[in-house]
Amino acid sequence: MTRIAIVGGGISGLAAAFELEEQRGSGSDIEYILYEASERLGGVLRTENIDGCIVEAGPDSFITEKPWATDLCRALGLGDQLIGSNDADRKTYILTNGRLVEMPDGLMFMVPTKILPTGFSPLFSWKTKLRMAQELLQPRRDNDSEKDESVAAFVERHYGGEMVDRLADPLLSGVYGGEAASLSVRAVLPRFVEMERTHGSLGRAMLAGRKKASSAPHKPAPPLFTSLKNGMQHLAETVVSRLTPASLLTNAPVQAIQREAGGWVVSAGLQSDQFDSVIIALPAPAAAQVLRIASPELSAELASIQYSSSITVGLGHDREVRQSLPPGFGFLVPRSEGKKLLAATFVHNKFPHRAPEDRALLRCFFAGRNAESVWTLGDDQIIGIVRNELQQILGLRAEPLFARVYKWKSAMAQYGVGHLDRLERMERLRQQLPSLALAGNAYRGIGVPDCVRSGRDAARRLAGA
C-alpha cells in the first residue's frame, strides 16, 4: 500500500485528495491523510447566504477558458449547477478623473482591435491613441525573448504609461492583488510575450488571431466566467463529501516533514505519522516552514515568493439602488485616482441566481498596499470607507441592508520578475526529493482552475510513482 500525506485543505489539497480517492475507486492500493490547520476545509472558497443573496467571501468565479475547475465540477456531478456570467450585459468602467468611463468595445485586455470605439473613447488621451496606431507598425524584437521584465515595462514599451495606469494595473490588481510594476510579464501574460515574439506588434497579432478565428466554423462563445448556482463553497463541500472522513484531519497544523528510511515523517502537533509520499498544498511561506528541515534550499526559494493580502466587502441594497446603478459588471479604480478601493462588482448583473430581483449586491475589493493601509481598522470603519468612496464614485448614499467584511491575509501569490526562473530552480531541487510534490497558487496560476490542476497533477504523479 502507498501512503500519501496531503498538507493543506484548500481547493488544491482537496483536488489532490479527490484524485487519490478516484484512483482508489479504480483499484489502486492507496491510502491518504489530509492535514488542515484550521477548523474548516476549502480555504478561500467561502460563501454566505444573506437576505436571499449569495455572498462570496473569496473568489466569486473562475475563468471558463481554463477547463480544470469545470472538469472537476462535472466529475462531482455538479454540471447542472454551473452558471455562466451574463456576458450580453458585460460592461466595465474605469474611474478616470473622478468619473466612470466605459471600456471601449474591442479592447482585448489592453490591445485595441476596433479602431473607432477606441479612437472616440474618452478613456485615453490623444497621445495614447497615437501610440496605439504606431504600435501596429512595431517590428519583431531581435533580442532574447526569454529575458523577463515587469508587466508595466512591457505595456509601456508598446502603449505608454497611461495604458499601464488606466488599464494594465487596475485589471491585474483585481486578479493578483499586485501591481503591474512588480509582476512578471512572462509569468502573468505569457500569451502577450509570445505575440510580441511572433509579430512584434500586439495589435497585429490580435488582429491576425481574430482573422484566423473568423475563418473557423462558428461556435457560440462560452461565458467569460463560470461559477456555481449556490456559490463557490459548494464546490469544496461536494469534494469533501466524496472523501473518506477518517482521512481528513482538521485543526491539525503540520510543523515539519522529514525524510526517514526512504519515506517521510509528518509531524502535526504531538502526533507523527509515516508516509511514502507527501503533497504540500500550502501557500509558499507556509510550505517553506514545513520544508525547512527536509530541504533548506527549497524552503528558501519558497520563502522568497511574495504574497498580497486582500479585503472583500459585500453590500446588499434595495430595488431603488439596483435601478440607479449603471448597467454592466462594475468598475476598476486606477491607483492614480487616489482611492482605497481598487474595484467594485455589480454581482446582481454579473451572474444569475446571485440576488433576488429586488436586491442589489455589490462586491468591493481592496488588495496589496491599499488593503494593508486599512487592515487594522474595524469592520465598521472599513465599511465606512467603502460607503464614502461609493458615494463619491456612484453617488450612492443609501444605507445598505447588510454589509460583510472578509479579510484574507497573504492569500494572493505575487509572480514577481524572474518568477519562472525561480520555478526552474525549485523543480531541480524538488527532483532530489522525487516523492514530494507541490501544489497551490504559488507556481503556475493563481485562479481556482490552476489550483485544481496543480492538486490533481501532483496526486497523479505520486500515485504513479
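# A walk through the predicted model

Asn 97 sits in the loop between β7 (92-96) and β8 (99-102). The model is a predicted one. Phi of Asn 97 is near 55°, a positive value in a residue other than glycine. Most residues other than glycine have a negative phi. Is Asn 97 buried or exposed? Its relative accessibility is 65%, so Asn 97 counts as exposed.

Phe 109 lies between β9 (107-108) and β10 (111-112). Phe 109 is not a glycine either, yet its phi is positive, at about 60°.

Now turn to the helices. Two packed helices are described by the angle between their axes and the distance between the axes. Take helix α2 (residues 68-75) and helix α18 (residues 448-463). Their axes come within 7 Å and cross at roughly 70°. An angle of 65 to 115 degrees counts as roughly perpendicular, and α2 and α18 are therefore roughly perpendicular to each other. Which residues of α2 meet α18? They are Trp 68, Ala 69 and Leu 72. On the α18 side stand Val 448, Pro 449, Asp 450, Val 452, Arg 453 and Arg 456. The residues of this contact divide into 6 nonpolar, no polar and 3 charged.

Another helix pair involves α4 (residues 126-135) and α5 (residues 151-159). Here the axes come within 8 Å and cross at roughly 85°. That angle makes α4 roughly perpendicular to α5. From α4, the contact takes Thr 128, Arg 131, Met 132 and Glu 135. From α5, it takes Glu 156, Arg 157, His 158 and Tyr 159. How do the residues of the contact of α4 with α5 divide? There are 2 nonpolar, 2 polar and 4 charged.

Glu 162 belongs to helix α6 (residues 161-176). Arg 387 is 225 residues from Glu 162 along the chain, and their C-alpha atoms are separated by 28 Å.

Aromatic rings give another view. A pair of aromatic rings is described by the distance of the centres and the angle of the planes. A search of the whole structure finds 4 aromatic pairs. One of them joins Tyr 35 and Phe 275. The ring centres are 6.3 Å apart and the planes stand at 80°, so this pair is edge-to-face. Tyr 35 lies in strand β2 (residues 30-35), and Phe 275 in strand β15 (residues 271-275). The pair therefore ties together parts that are 240 residues apart in sequence. Both Tyr 35 and Phe 275 are buried.

Leu 249 touches Ile 33, Leu 34, Tyr 35 and Glu 36, not counting residues up to four places away in sequence. Leu 249 lies in strand β12 (residues 248-249). Its relative accessibility is 32%, so Leu 249 counts as partly exposed. Ile 305 is 56 residues from Leu 249 in sequence, and 27 Å away in space, C-alpha to C-alpha.

Charges meet rings as well. The charged end of Lys 129 sits over the ring of Trp 126, 4.3 Å from its centre. Lys 350 lies over the face of Phe 225, also at 4.3 Å from the ring centre.

Note on methods:
Residues are numbered from 1 along each chain as its sequence is written. This is a predicted model: local features need pLDDT of at least 70, side-chain atom pairs count only at pLDDT 80 or more; totals for chains, interfaces and linings use all residues. Side-chain values use heavy atoms; hydrogens and water are left out. Axes are lines fitted to C-alpha atoms, for helices over the stretch in contact, and angles run from 0 to 180 degrees between N-to-C directions. Helices (H or I, at least four residues) and strands (E, at least two) are DSSP runs, numbered from the N terminus. Angles under 35 degrees count as roughly parallel, over 145 as roughly antiparallel, 65 to 115 as roughly perpendicular and the rest as oblique. Contact means heavy atoms within 4.5 Å. Ala, Val, Leu, Ile, Met, Phe, Trp, Tyr, Cys and Pro count as nonpolar, Asp, Glu, Lys and Arg as charged, and the others, Gly among them, as polar. Rings of Phe, Tyr and Trp (its six-membered ring) pair if their centres lie within 6.5 Å; planes under 30 degrees apart count as stacked, over 60 as edge-to-face and the rest as tilted. Buried means under 20% relative accessible area, exposed over 50%, partly exposed in between (1.4 Å probe, protein chains only). A charge sits over a ring if NZ of Lys or CZ of Arg is within 6 Å of the ring centre and within 35 degrees of the ring normal.
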